[in-house]
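Hi,

Here is the structure I promised to pass along. Have a look first, then read on for what turned up.

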Amino acid sequence: MKGIVRYIKNNVCAIELENTFYIIYEDFVGISDVGDIISGNLENLGETNIRNESKNMDLIGFLDDIFLNEDEAKEKLSL
């Protein structure tokens, strides 16, 4: 599955998926930017490796929340 980083706060990303849901991903590497395209297994909670297609890099992090709407995702980031 693919998604686009829409919001970031303190290396925590809200990523909008192709199915229009949002996920919350803690980027341990901290190199993602708003607008980056992300791919990988984006629907299972826990520690995971995903790919930042825009930067051509693998990321290590933690998938905290899935199946959020945009308002819920922004709330998780305290935006």
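Lys-76 and Asp-65 join their side chains in a salt bridge, 2.8 Å from N to O (a salt bridge being a side-chain nitrogen of Lys or Arg within 4 Å of a carboxyl oxygen of Asp or Glu). The pair links distant parts of the chain, with Lys-76 in helix α1 (residues 70–76) and Asp-65 in strand β6, eleven residues apart. Helices (H or I, at least four residues) and strands (E, at least two) are DSSP runs, numbered from the N terminus. Asp-65 is buried, at a relative accessible area of 19%; buried means under 20%, exposed over 50%, and partly exposed in between, with a 1.4 Å probe and protein chains only.

Before you dig in: this is a predicted model, so local features need pLDDT of at least 70 and side-chain atom pairs count only at pLDDT 80 or more, while totals for chains, interfaces and linings use all residues. Residues are numbered from 1 along each chain as its sequence is written, and side-chain values use heavy atoms, leaving out hydrogens and water.

On to the other salt bridges; the structure holds five. Arg-6 and Glu-16 make one of them, at 2.8 Å from N to O. That pair also connects distant parts of the chain: Arg-6 sits in strand β1 and Glu-16 in strand β2 (residues 12–17), ten residues apart. Arg-6 is partly exposed at 35% relative accessibility, and Glu-16 is partly exposed at 21%.

Lys-55 and Asp-33 meet in another, at 2.7 Å from N to O. Here Lys-55 belongs to the loop between β5 (46–52) and β6, and Asp-33 to the loop between β3 (22–27) and β4, 22 residues apart. Both names come up again in a salt-bridge network that links Asp-33, Asp-36 and Lys-55.

As for the fold, six strands close into a barrel, in the order β1-β2-β3-β6-β5-β4, with antiparallel pairing. From one strand to the next, the twist averages 45 degrees. Two strands pair if DSSP finds at least two bridges between them; β1 (residues 2–9) and β4 (residues 37–39) have three, in the antiparallel sense. Ile-4 stands opposite Ile-37 in β4.

Last, the surface: Phe-28, Val-29, Met-57, Ile-60 and Phe-62 form a nonpolar patch with about 420 Å² of accessible area together. Met-57, found in strand β6 (residues 57–68), is partly exposed at 34%.

Cheers

Definitions and conventions: Patches are made of residues with over 30% relative accessible area and no salt bridge: like charges are joined within 9 Å, nonpolar side chains (Val, Leu, Ile, Met, Phe, Trp, Tyr) within 5 Å. Accessible areas come from the Shrake-Rupley method with a 1.4 Å probe; for residues, only the protein chains shown count as cover. Axes are lines fitted to C-alpha atoms, for helices over the stretch in contact, and angles run from 0 to 180 degrees between N-to-C directions.
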